[in-house]
Amino acid sequence: MATAYIALGSNLGDRKKNLTTALFHLVREPRIILEKLSSFIETKPYGVTDQPDFLNGCCRIWTDLSPRQLLTALQAIEDKMGRVRTRRWGERIIDLDILLYDDITVNDPDLVIPHPDMKNRAFVLEPLKEIAPDLTAKL
C-alpha cells in the first residue's frame with residue numbers, strides 16, 4: 001500500500017459539510033483507507049482573491065491505486081459533488097488534490113506530484129504539518 005497526502009478545500013456553500021461529504025465519499029472507495037485527518041482551517045483565497053474564503057484540510061491515506069487511478073477517483077468525487085471548473089484557482093464547492101504519493105514524482109500535463117508550489121501555500125502546509133510534522137520539515 002502506498003501512502004498519499006490529499007489536500008481538501010471548499011469555498012462555496014456549507015464548506016464544512018462539503019469537506020465532510022468529500023471525506024465520506026473518499027472512505028467509501030474500496031481501495032482507499034483514510035489513515036489520518038487534519039483540522040479544518042479557514043484561509044484567504046490564493047491567486048484569485050475576489051472570491052469567498054476557503055475551508056481547507058489535509059488527510060493521509062493508504063491506497064493500492066496508482067497515482068493516475070487516485071486522481072481519477074478524486075475527480076469522480078468532485079464531479080459527484082457538482083464541482084464546476086469556471087476559472088483557474090476560482091471558487092469551488094470541493095477541491096481534492098494529491099500532494100504527495102510515497103516518494104514518487106509525476107510530471108504529466110494534468111498530474112504533477114509532488115504538488116507544485118505547495119511549499120508556498122499555508123493552506124496546504126498548516127494542515128499537512130499537523131498530521132505529518134516530520135514530513136513538512138523536509139519540504
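## Arg121 and its contacts

In this predicted model, Arg121 is in contact with Tyr46, Trp89, His115 and Pro116, leaving aside its neighbours within four places in sequence. You will find Arg121 in the loop between strand 7 and helix 3. Its relative accessible area is 9%, so Arg121 is buried, the cut-off being under 20%.

## Elsewhere in the same loop

The loop between strand 7 (111-113) and helix 3 also holds Pro114. The peptide bond that joins Ile113 and Pro114 is cis, with omega about 0°. As background, most peptide bonds are trans.

Asp117 is another residue to look at in the loop between strand 7 and helix 3. Asp117 is not a glycine, yet its phi is positive, about 65°. For context, most residues other than glycine have a negative phi. Asp117 is partly exposed, with a relative accessible area of 31%.

Is Met118 buried or exposed? Met118 has 2% relative accessibility, so it counts as buried. Met118 too lies in the loop between strand 7 and helix 3. Between the C-alpha atoms of Met118 and Pro67 there are 17 Å, and the two residues are 51 residues apart along the chain.

## The buried side of helix 3

Now follow the chain into helix 3, which spans residues 122-131. Which residues of helix 3 are buried? They are Phe123, Val124, Pro127, Leu128 and Ile131. Because these residues cover an arc of only 115° around the axis, they sit on the same side of helix 3.

## How helix 1 meets helix 2

Helix 1 covers residues 15-28 and helix 2 covers residues 67-80. Two packed helices are described by the angle between their axes and the distance between the axes. Here the axes of helix 1 and helix 2 come within 10 Å and cross at roughly 135°. That angle makes helix 1 oblique to helix 2, because it lies neither in the roughly perpendicular range of 65 to 115 degrees nor over 145. The crossing of helix 1 past helix 2 is right-handed.

Which residues bring the two helices together? From helix 1 come Ala22, His25 and Leu26, and they meet Leu74, Ile77 and Lys80 of helix 2. Sorted by class, this contact has 4 nonpolar, 1 polar and 1 charged residues.

Arg15 has its place in helix 1. Not counting residues up to four places away in sequence, Arg15 touches Ser10, Glu42, Asp53, Phe54 and Leu55. Arg15 and Phe40 are 25 residues apart in sequence, and their C-alpha atoms are 9.9 Å apart in space.

Arg92 is in the loop between helix 2 and strand 5. With a relative accessible area of 10%, Arg92 is buried. What does Arg92 touch, not counting residues up to four places away in sequence? The residues are Ser10, Asn11, Leu12, Phe54 and Arg83. Leu12 is 80 residues apart from Arg92 in sequence, but C-alpha to C-alpha the two are 5.9 Å apart.

## Arg60 in strand 4

Arg60 lies in strand 4, residues 54-63. At 15% relative accessibility, Arg60 counts as buried, since buried means under 20%.

Ala132 is 72 residues apart from Arg60 along the chain, and 8.6 Å separate their C-alpha atoms.

## Asp102, with a positive phi

One last stop is Asp102, in the loop between strand 5 (95-101) and strand 6 (106-108). Asp102 is a residue other than glycine with a positive phi, near 45°. Is Asp102 buried or partly exposed? At 39% relative accessibility, Asp102 counts as partly exposed.

Note on methods:
Residues are numbered from 1 along each chain as its sequence is written. This is a predicted model: local features need pLDDT of at least 70, side-chain atom pairs count only at pLDDT 80 or more; totals for chains, interfaces and linings use all residues. Side-chain values use heavy atoms; hydrogens and water are left out. Axes are lines fitted to C-alpha atoms, for helices over the stretch in contact, and angles run from 0 to 180 degrees between N-to-C directions. Helices (H or I, at least four residues) and strands (E, at least two) are DSSP runs, numbered from the N terminus. Angles under 35 degrees count as roughly parallel, over 145 as roughly antiparallel, 65 to 115 as roughly perpendicular and the rest as oblique. A crossing is left-handed if the near helix is turned anticlockwise from the far one by less than a right angle, and right-handed if clockwise. Contact means heavy atoms within 4.5 Å. Ala, Val, Leu, Ile, Met, Phe, Trp, Tyr, Cys and Pro count as nonpolar, Asp, Glu, Lys and Arg as charged, and the others, Gly among them, as polar. Buried means under 20% relative accessible area, exposed over 50%, partly exposed in between (1.4 Å probe, protein chains only). The arc is that of the directions from the helix axis to the C-beta atoms.
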